[in-house]
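Me: I would like to learn how to read the features of a structural model with some care. Could we take them in turn, with the general idea before each case?

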Amino acid sequence: MSTNLDVTNATQIQHATGADETLNPKTDKDRTVGPLDYIFMWIGDGVNLGNMTLGASLVVAGIATLNIFQTFAAAIIAIGIISAIFALNDRLGYRTGIPYVVQLRMSFGQKGSIISSLLRGIPAIVWYGFQSWIGGTALNEIAKIVTGGAFDNVAICFVVIQLVQIVLSMYGFHAIKWVETLVSVVIMLALVYVFGVLLTSHSDVIAEKWVQAKGSWGLPFFAFIMMFMGNYAAIFLSAADYSRELKSGISDTKRGFLYFLPILIAYGFTLTIGAMLASATGITNPVKAFAVVVDNSYITLFVSAFIVMGAVAVNMVANIIPPTYVIQLLTKVKFKPAVAITGLLALGSFPWVLVQDSSSKGLGMFILIYSAFLGPIVSILLVEYYILRQQKVNVPDLYKEDGPFAGYNPAAVLAMLIGAGAAFLKVELAWITGVVVAGIAYILLTKYAFKDSKFKKGTIFDKEEQQQVA
């Protein structure tokens, strides 16, 4: 399917928006990411220490809460749902080339989209700084080894890694494409080596504590699925930011496969190694477990390099572009200055405080609060596009400052709050609860409340009212 807009529509958009052209719809000729690049991008995002820790968390007091069959059953179910939501929510961005911050206007309105975009942008900036600090700490370890202990300054390494990421990000998806390809290949090769070591030297204990564990098909099983999906909640919310860069002509089914395959490879491998490390050593911290399993003088260098590359890979995909678009939307600045501002804000997020033991509870609370809003927002976007508007949206209207999407949509804001409130009732099932409740609430509020709302125009309820009048 071609994503080119006609000349009239393109001209309307160019005149209607005061923001940088980066936020304008991507045309076919502007799209540079092919299917293989897309796969490597998501592999690079998935192979990191955080996801390995997720696998290690399955082992409690030396025994796995899920055995190997339950682990992979939960993972495949979660990945299947994630891929389906990705392919559904990325469709508008893929077909029209608009970014997530513009897609939000369809449901929340131009002013309302500011609130919902900040709920995606602010956590991304905090995680950008957090991942960079972890990467800077690892880079400092490498520097100490290379200099024989002469250099030891985490703060300088943090600034260096942040500056490198800012410069790379200024080249947009051109840089992300090759950085993710390089990182994913290097890390996957390293993980194959670790997997071989674990299989040849620790297979008996791994079989006893993980493979043959009794496990559970109850709440721990479903809680793991929700935790798995929670890891992707922010990313598939802004799916349009990625799909708009993908070359045209790829069917919805194939795009779903472009998510399913790399996520399965990356998560499957890192989860497996995390669980194997924890089973073999009894240590849930992968960094410390590595040191026990791979007993040689280069272990620190290896682990540190893994952490640095993993941190950069995650930031390049998940934590830089989305908040950059939000900053462009709010300030009307160009793309490159917005990338720099995003990086400086991440520097000022005080990530060194977040890694302290005393602040870990606060970080956990922060994650819980913002993630409760992500499920409801994606639910509202899907309901809007597929049910209320039946996949028919006039893109130029989304860019008009005084157009039909000006102001804010009270039904969407209220549905988001209702969904988030429901999500807090059962933390283990927060994501799915928020999705279901917010979706139902949005349909009911749009149909029965705010009867004179202009956001009904073009929806199925607008057609119903017109038929009743006729």
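Reply: Let us begin with burial, where buried means under 20% relative accessible area, exposed over 50% and partly exposed in between, with a 1.4 Å probe and protein chains only. Of the 470 residues of the protein chain in this predicted model, 55% count as buried. As the model is predicted, local features need a pLDDT of at least 70 and side-chain atom pairs count only at pLDDT 80 or more, whereas totals for chains, interfaces and linings use all residues. Residues are numbered from 1 along each chain as its sequence is written, and side-chain values use heavy atoms, with hydrogens and water left out.

Me: What is the average pLDDT of the protein chain, and over which residues is the pLDDT below 50?

Reply: The pLDDT is the predictor's confidence in each residue, on a scale from 0 to 100. The protein chain averages 85, and 90% of the residues score at least 70. Over residues 1-8 the pLDDT is below 50, although this stretch has 17 contacts in the model beyond near neighbours in sequence, a contact being heavy atoms within 4.5 Å. Where pLDDT is low, the predicted coordinates should not be read in detail.

Me: How many helices and strands are there in the protein chain?

Reply: Helices (H or I, at least four residues) and strands (E, at least two) are DSSP runs, numbered from the N terminus. The protein chain has 22 helices and two strands. Among its contacts between residues at least 6 apart in sequence, 84% join residues at least 24 apart.

Me: How do H7 and H16 cross, and which hand does the crossing have?

Reply: Axes are lines fitted to C-alpha atoms, for helices over the stretch in contact, and angles run from 0 to 180 degrees between N-to-C directions. The axes of H7 (residues 154-169) and H16 come within 9 Å and cross at roughly 160°. That makes H7 roughly antiparallel to H16, given that angles under 35 degrees count as roughly parallel, over 145 as roughly antiparallel, 65 to 115 as roughly perpendicular and the rest as oblique. The crossing is right-handed; a crossing has this hand if the near helix is turned clockwise from the far one by less than a right angle, and is left-handed if anticlockwise.

Me: Which residues of H7 and H16 meet?

Reply: Phe158, Val159, Gln162, Ile166 and Ser169 of H7 meet Phe335, Val339, Ala340, Gly343, Leu344, Ala346 and Leu347 of H16. By class, this contact of H7 with H16 has nine nonpolar, three polar and no charged residues, where Ala, Val, Leu, Ile, Met, Phe, Trp, Tyr, Cys and Pro count as nonpolar, Asp, Glu, Lys and Arg as charged, and the others, Gly among them, as polar.

Me: How do H15 and H16 cross, and where is threonine 342 found?

Reply: The axes of H15 (residues 321-331) and H16 come within 9 Å and cross at roughly 115°, and this crossing is right-handed. Ile321, Pro323, Thr324, Tyr325, Ile327 and Gln328 of H15 make the contact with Phe335, Ala338, Val339, Ile341, Thr342 and Leu345 of H16. Threonine 342 is found in H16, which covers residues 335-347, and counts as buried because its relative accessibility is 0%. Leaving aside residues up to four places away in sequence, threonine 342 touches Ile125, Tyr128, Asn319, Ile320, Pro323, Thr324 and Ile327.

Me: How do H10 and H12 cross?

Reply: The axes of H10 (residues 219-237) and H12 (residues 252-281) come within 14 Å and cross at roughly 125°, which makes H10 oblique to H12. H10 passes H12 in a right-handed crossing, and the contact is made by Phe224, Phe228, Asn231 and Tyr232 of H10 with Ile263, Tyr267 and Leu271 of H12.

Me: Where does valine 33 lie, and is this residue buried or exposed?

Reply: Valine 33 lies in the loop between H1 (7-16) and H2 (35-46), and it counts as buried because its relative accessibility is 2%. Valine 33 and tyrosine 242 are 209 residues apart in sequence, yet 9.3 Å apart in space, C-alpha to C-alpha. Beyond residues up to four places away in sequence, valine 33 touches Tyr38, Phe173, Lys177, Glu245, Leu246 and Lys247.
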